[in-house]
Amino acid sequence: MIAAEQPESFLTRLNPLTKIAAAVLLTTFALLLRSPWALAMLALLIVGLAVAGRVRLGWRGTVFLLVPVAIVAGGNYLVSDSIEDAARFGLRLAVLFGGIPICALTTRPADLVRSLTWLRLPAGLLIALLLVWRFVPVLARFLAEIREANMLRGPWRGNRFRRAYRTVIMPLMTMSVDYAERVGMALELRGFDPGRPRTWYRVPGWGLRDLAFSIVVLTVVTLAACWQWGGPVA
Amino acid sequence: MIRVNDLHYRYPGQETDTLRGVTFAAAAGTMLLVSGPTGSAKTTLALTLCGAIPKLLGGRLQGWLAVNGTSLDDVPVRTIARCVGVVMQNVECQLVNDRVTDEIAFSLENFAVPPGDMEREIDRALRRAGAEHLRDRYLGTLSAGERQRVALASVLCLGQQVLILDEPLAYLDRSAARALLGQLRQLADHGTTVVIFEHRRDMVAPLADEELRLDRGSLIDVCEPPSQLPAIDLPQSLGEDRLVFDRVTYALAGRTLLAGVELRVRAGESVVLLGDNGSGKTTLMRLALGLAKPAAGEVVTCGRRVNKTSRRRLASDAALVLQNPDHQLFLPTVAEEVRATARDPAAARSELETLALEDCQERHPHCLSTGQKRRLTLAAALARRPKLLLLDEPTVGQDDESLALMIRRLRDYVTDGGSLLVATHDHRAAKALAHRIAILENATTRPGGPELAEAYFEAGRARLCTKEHV
């Protein structure tokens, strides 16, 4: 499951830095808050955002998120015999496991890199970041192709570890180095030079959408904090 | 526009020159075809013309090379990139963004074009590359032909006077190839010097103004290669079924690729699978070896029901040679590559000899030319003595001589009782190898005899834009 497979939604159109700030805020408060009701507010916010943003997790992603939460909550209940403790740890984990992945799933690498230009990072570093990000699915594809090709080669004699080294690890390294060399050459042939000034076609700005999103997140976090530490709603 | 005089080039660590005394000139607005067999140094010359050799790849370059009157000797690659655009053999490595517009803008960004001017330049480049309809797409959703167009647009946006394309037709079906060549002809007519390095000269030559032929790094006289390969003999009798598709349906991401497909390949029979890019040819081959699962229907390979049999067991009787040879070559030498899964050492030796790979037995497979790599993957597959052989685009990167070698070996394989299923865009291979034809279109197969290949490619050629018609 990668960002490119997610449908367009208000979450994909947000400034990536807004989403990062929200994810950091939710993560911090998930660690600070102890009240299960306050943590439930944050968890509900994340579920609401995922539903409204039409985030596709797939069954594997859903299992990957829910199983650890269920194990932690169930384990805590068995050890402490306290529903409150079980809910606290389960919900905390749900917020930790939900906030950052939703942010990552709805942010395209190119958008993130372009938004980082606000931080005035060197262009070479940003393009390198973009390429590293792009390389992850490429590496996964190489591995799948190598495994498939191995299978197609039919029965193979010899030691299993030696075989894995020669038929999986070495080809993966060769293909990765070859790919990196070709990409490097292609970049230079397209005029890329990290030492030269460059412009950016599209730099994500802050708009009303980001403002509305920030208000919603801040409101829920404030309500959750007030619930725990007292205040108008406590 | 381009002047090359007595060019010699030697790769680092090699003892002989790869380019040997190449001399030619191409005027502005010329469409130049550089053809030649595999390993003839077409890619080396392409990389030299754009400055990658020797500036990025090292080695020793002698002779004189100028573009637009300026010698490339002391000019940095970045400056050359402003007037010479390159579309590489593998466009995958050339594309670094995920949106089409971002990809085209990347070239403009590198030359610090003001963001306000970029939209106009992007639109113009998309128009010139015939890719306006792809503007809002993501690269991950594009076909091979569409990616080629985006790569072309990302080069054209800078308005270079020289355009170099290395094997641009390699993975394109007849309609995508036809459209791309038409677009390139138009660019040449508007003053761009277009240099196409391509072994499918039959497709490019009718549109090109000039042709250069390379052989082992030297220019030689252009001569018409034998246009016809001897056709495969029709078998006297056919044996048991080796591959059966019984009303097979397959869908991917909500799109039905195959709907109730029926196909049968018997012992001693060769079937050629034709169809445009994305018609499902590769998928059909993957289904035959259990690499994909049908939504409905049944596939029986070498007497085994595919969904009830392990893939390893299927692969012991049937062999699939993939489209990209790089993904099937793992071992440190050519000889080991063939021996690793060969039925016996004699089979490995015989395949290396028959497919003219004897001389490069000790070389690393990744150092071979594309054509040699393809012959190597074929040799490795045949050395296993499979009952059923599936070949996905086996002719990419093959010159006429190399292709003839492959065809001869495949004919012997079929004559000896092997079953062959070949997916190809190449009319020479289709005509030479087909006992029967199956055309994949509209998610189903249209079966027929060898005459169907003739009709299929004639229909394509009739629509092929000739120079006069563009």
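Which residue of β5(B) is the bridge partner of Val67(B)? That partner is Thr70(B), in a predicted model for which local features need pLDDT of at least 70 and side-chain atom pairs count only at pLDDT 80 or more, while totals for chains, interfaces and linings use all residues. Residues are numbered from 1 along each chain as its sequence is written, and chains are lettered from A and ligands numbered from 1 in the order in which they are written. Helices (H or I, at least four residues) and strands (E, at least two) are DSSP runs numbered from the N terminus, and two strands pair if DSSP finds at least two bridges between them.

**Sheets of chain B**

- Four strands of chain B form an open sheet with antiparallel pairing, in the order β2-β1-β4-β5; its edge strands, each pairing on one side only, are β2 (19-26) and β5 (70-71).
- Strand β4 (residues 60-67) of chain B is joined to β5(B) by two bridges in the antiparallel sense.
- Six strands of chain B form an open sheet with mixed pairing, in the order β6-β7-β8-β3-β9-β10, and here the edge strands that pair on one side only are β6 (84-87) and β10 (218-220).
- β6(B) runs parallel to strand β7 (residues 162-166) of chain B, with four bridges between them, and Val84(B) stands opposite Val162(B) in β7(B).
- Helix α6 (residues 144-156) of chain B packs on this sheet, where it touches β6 and β7 of chain B, and its direction makes about 170 degrees with that of β6(B).

**Helix pairs**

- For the pairs below, axes are lines fitted to C-alpha atoms, for helices over the stretch in contact, and angles run from 0 to 180 degrees between N-to-C directions.
- Angles under 35 degrees count as roughly parallel, over 145 as roughly antiparallel, 65 to 115 as roughly perpendicular and the rest as oblique.
- Helix α13 (residues 370-382) and helix α14 (residues 400-415) of chain B pack at an angle of about 10 degrees with their axes 11 Å apart, and α13(B) and α14(B) are therefore roughly parallel to each other.
- The contact between α13(B) and α14(B) involves residues including Leu378(B) of α13(B) and Met406(B) of α14(B), and its residues divide into four nonpolar, two polar and one charged.
- In chain A, the axes of helix α4 (residues 58-80) and helix α5 (residues 83-105) come within 8 Å and cross at roughly 160 degrees, which makes α4(A) roughly antiparallel to α5(A).
- Among the residues that make the contact of α4(A) with α5(A) are Val72(A) of α4(A) and Phe89(A) of α5(A), and the contact residues divide into 13 nonpolar, four polar and one charged.

**Chain A and its interface with chain B**

- A domain assignment, with bounds from an automatic or database source, gives chain A domain 1 (3-113 + 204-229) and domain 2 (123-189), whose C-alpha centres lie 34 Å apart.
- 39 residues of chain A are in contact with 49 residues of chain B, contact meaning that the C-beta atoms, placed from the backbone, lie within 7 Å.
- On the side of chain A that touches chain B, the elements giving two or more residues are α6 (109-115), α7 (123-152) and α8 (160-189) of chain A, and α8(A) gives the most, with 13 residues.
- The residues on that side of chain A divide into 23 nonpolar, five polar and eleven charged, where Ala, Val, Leu, Ile, Met, Phe, Trp, Tyr, Cys and Pro count as nonpolar, Asp, Glu, Lys and Arg as charged, and the others, Gly among them, as polar.

Notes: Two residues are in contact if their C-beta atoms, placed from the backbone, lie within 7 Å.
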